[in-house]
Amino acid sequence: MSWTWEYAFGAEESARTAPSAFLAEVERKAAEVVRAAEALYIHGRSHDGNDPKGGDVAVPGGMFTYQIVVRSERV
């Protein structure tokens with residue numbers, strides 16, 4: 001499997017100024033979302049339906065919004 005997560009366009013630049021503890025929590029939770037998406041969409045590249053609705057995840061110090069793109073195996 002090649003599932004992974006990445007910052008949305010422009011968000012990586014904003015993350016450079018965020019507190020390191022907050023970024024560590026974002027990375028930990030994003031990895032959880034990736035594992036869940038990988039388990040739900042085992043054959044992501046052959047998925048022919050719509051991508052699921054994304055969501056918001058609260059972490060200490062803030063929150064982040066995610067979107068799952070099944071055919072690209074990305075969160």
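On α2, the face turned away from the buried side carries the exposed residues Ser20, Ala21, Arg35 and Ala39. Exposed here is over 50% relative accessible area, buried is under 20%, and partly exposed falls in between, with a 1.4 Å probe and protein chains only. The buried set in α2 is Phe22, Leu23, Val26, Ala30, Val33, Val34 and Ala37. Those residues cover an arc of only 110° around the axis, so they sit on the same side of α2; the arc is taken over the directions from the helix axis to the C-beta atoms. As background, an α-helix has 3.6 residues a turn, so residues three or four places apart point the same way.

The helix has 21 residues and reaches 30 Å from its first C-alpha to its last, close to the 30 Å expected at 1.5 Å a residue. That expected span is 1.5 Å times one less than the number of residues. Leu40 also belongs to α2, and it counts as exposed at 65% relative accessibility.

## What you're looking at

This is a predicted model, where local features need pLDDT of at least 70, side-chain atom pairs count only at pLDDT 80 or more, and totals for chains, interfaces and linings use all residues. Numbering starts from 1 along each chain as its sequence is written, and side-chain values use heavy atoms, leaving out hydrogens and water.

The chain's secondary structure comes to 2 helices and 2 strands, running α-α-β-β from the N terminus on. Both kinds of element are DSSP runs numbered from the N terminus: helices are H or I with at least four residues, strands are E with at least two. The C-alpha atoms fill a box of roughly 40 × 20 × 20 Å along the principal axes. Of the 75 residues in the chain, 25% are buried.

## The largest pocket

The largest pocket comes out at about 450 Å³. Its lining has 20 residues, with Glu6, Tyr7, Ala8, Ala11 and Thr65 nearest the centre. Elements giving two or more residues to that lining are α1 (11–15), α2 (20–40) and β2 (62–66). By type, the lining divides into 15 nonpolar, 3 polar and 2 charged residues.

On a 1 Å grid over the protein atoms alone, a pocket is an open set of points with protein on both sides within 12 Å along at least five of seven lines, and lining residues have an atom within 4 Å of a point. Points are joined across faces, edges and corners, and the volume is the space filled by probe spheres set on them. Nonpolar covers Ala, Val, Leu, Ile, Met, Phe, Trp, Tyr, Cys and Pro; charged covers Asp, Glu, Lys and Arg; the others, Gly among them, are polar.

## An aromatic pair

The structure holds 1 aromatic pair. Rings of Phe, Tyr and Trp (its six-membered ring) pair when their centres lie within 6.5 Å; planes under 30 degrees apart are stacked, over 60 edge-to-face, and the rest tilted. Trp5 is partly exposed at 23% relative accessible area, and Tyr7 is partly exposed at 25%.

## Two spots worth a click

Glu73 isn't a glycine, yet it has a positive phi of about 55°. Glu73 is in the segment after β2 and counts as buried at 5% relative accessibility.

Ser46 is in the loop between α2 and β1 (55–59), exposed with a relative accessible area of 55%. Ser46 and Glu12 are 34 residues apart in sequence and 29 Å apart in space, C-alpha to C-alpha.

Terms used:
1 Å grid on protein atoms, 1.4 Å probe; cavity = no way out; pocket = protein on both sides within 12 Å on 5 of 7 lines; lining within 4 Å.
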